[in-house]
Amino acid sequence: QTRVYGRDRVRFMESLVAGDIAELKPGQGTLTLLTNEKGGITDDLIVTNTLEDHLYVVSNAGCADKDLAIFRVRRAQELQATGSDVHLEVSDNALLALQGPSMARVLQAGLSDDLAKLSFMNSINTTVFGVPGCRVTRCGYTGEDGVEISVPAGRAVELAERLLDAPDVWLAGLAARDSLRIEAGLCLYGNDIDETVTPAEAGLMWTLGKRRRAAMDFPGAAVIMAQVKEKPRRKPMSCGEGRVVLLTILCPHVPGTVTSGCPSPSLGKNIAMGYVEMAHSRAGTELTVEVRKKQHPALITKMPFVPTQYYLAK
């Protein structure tokens, strides 16, 4: 978690990512992509224009070191050398994710703020169950209505225990979360996207604002926009039924790769995400996948596998 301060903080962030940060309203955040000069995805970030005087940036923990090196060396120092006003603070806060249909009722009991007014991808700084200095963002990685709570590290256990006092709140590990994010069609960095995959190939062009596409002023813009015009060689796929499971699986009859897969707890069948050549990417296409040297049928379907339940305040 990084805070970006200074009058040039938006210009700084937009020199690194492909999203339209300038258009964010106070308190609003967006998923955006940190791209490289070849158009590949270095990381996916959530950037929030806080109600205070800074941008709040959440990186993948596994990418934190390389992201900070890019932030500090490649951009912040360059801009500061030309007189720009930007500086970074790295937070040592912990992150707790509270996800699911009971979230609002459970969390509201510990808030003075009205959660009904906090829409998806919006954020407030507040006190949660007596713990001050928490940032509550209505987002998450499960496809469900939920929040991510940035909490001072020294009080994270205390807050977690308070949340667990509710009878319908349970601890969940990464495997449980992974099954839900695949159901929701959400990419995982290092599996479904990485520095060799562009936003066009990953089906993530919706993260690029119209103004940024026209300006082409982000790393790798020329490569990415050329792919949009010419159509990328490969396209993300989702497949279900049969025995589409685990690991990376090669389709023997169609050039393609499965990048994520698991048994779906909601659907009771195996599901997977991956990439195939454009010519074979239409929903309804039947494929064969190889699992442990055995071939099994699979069907390309539309994502998400399970409808998302994000909260959009009226």
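Colleague: Why is Met216 called partly exposed in this predicted model?

Modeller: Its relative accessibility is 40%. Buried means under 20% and exposed means over 50%. Met216 falls in between, so Met216 counts as partly exposed.

Colleague: Where is Met216, and what makes its backbone stand out?

Modeller: Met216 is in the loop between α7 and α8. Its phi is positive, about 50°, although Met216 is not a glycine. Most residues other than glycine have a negative phi.

Colleague: How do you know that the buried residues of helix α8 share a side?

Modeller: The buried residues are Ala221, Ile224, Met225 and Gln227. They cover an arc of only 150° around the axis, so they sit on the same side of α8. These buried residues pack against β2, α6 and α7. On the other side of α8, Ala222, Lys229 and Glu230 are exposed.

Colleague: What comes just after α8?

Modeller: Lys231 does, with a positive phi of about 75°.

Colleague: How many aromatic pairs does a search of the whole structure find?

Modeller: The search finds 2. One joins Phe12 and Phe71, with centres 6.3 Å apart and planes at 75°.

Colleague: Why is the pair of Phe12 and Phe71 called edge-to-face?

Modeller: Centres must lie within 6.5 Å, and 6.3 Å passes. Phe12 is in helix α1 and Phe71 is in helix α2, 59 residues apart. Both Phe12 and Phe71 are buried.

Colleague: What makes the pair of Phe120 and Tyr310 stacked?

Modeller: The ring centres are 4.2 Å apart, within the 6.5 Å limit. The planes are at 15°, which is under 30 degrees, so the pair is stacked. Phe120 lies in the loop between α3 and β7, and Tyr310 in the segment after β15, so the pair ties together parts 190 residues apart in sequence.

Colleague: Are Phe120 and Tyr310 buried, exposed or partly exposed?

Modeller: Phe120 has a relative accessible area of 23%, so Phe120 is partly exposed. Tyr310 is at 26%, so Tyr310 counts as partly exposed too.

Colleague: What else does Tyr310 contact, beyond its neighbours within four places in sequence?

Modeller: Besides Phe120, Tyr310 is in contact with Gly143, Glu144 and Leu186. Tyr310 and Glu144 are 166 residues apart in sequence, but their C-alpha atoms are 5.8 Å apart.

Colleague: What makes β2 and β5 edge strands?

Modeller: The open sheet has 5 strands in the order β2-β3-β4-β1-β5, with antiparallel pairing. β2 and β5 each have a single partner strand, so one side of each is left without a neighbour in the sheet.

Colleague: How do you know that β3 and β4 pair?

Modeller: Pairing needs at least two bridges, and 4 bridges join β3 to β4, so they pair. Asn49 stands opposite Leu55 in β4.

Definitions and conventions:
Residues are numbered from 1 along each chain as its sequence is written. This is a predicted model: local features need pLDDT of at least 70, side-chain atom pairs count only at pLDDT 80 or more; totals for chains, interfaces and linings use all residues. Side-chain values use heavy atoms; hydrogens and water are left out. Rings of Phe, Tyr and Trp (its six-membered ring) pair if their centres lie within 6.5 Å; planes under 30 degrees apart count as stacked, over 60 as edge-to-face and the rest as tilted. Buried means under 20% relative accessible area, exposed over 50%, partly exposed in between (1.4 Å probe, protein chains only). Contact means heavy atoms within 4.5 Å. The arc is that of the directions from the helix axis to the C-beta atoms.
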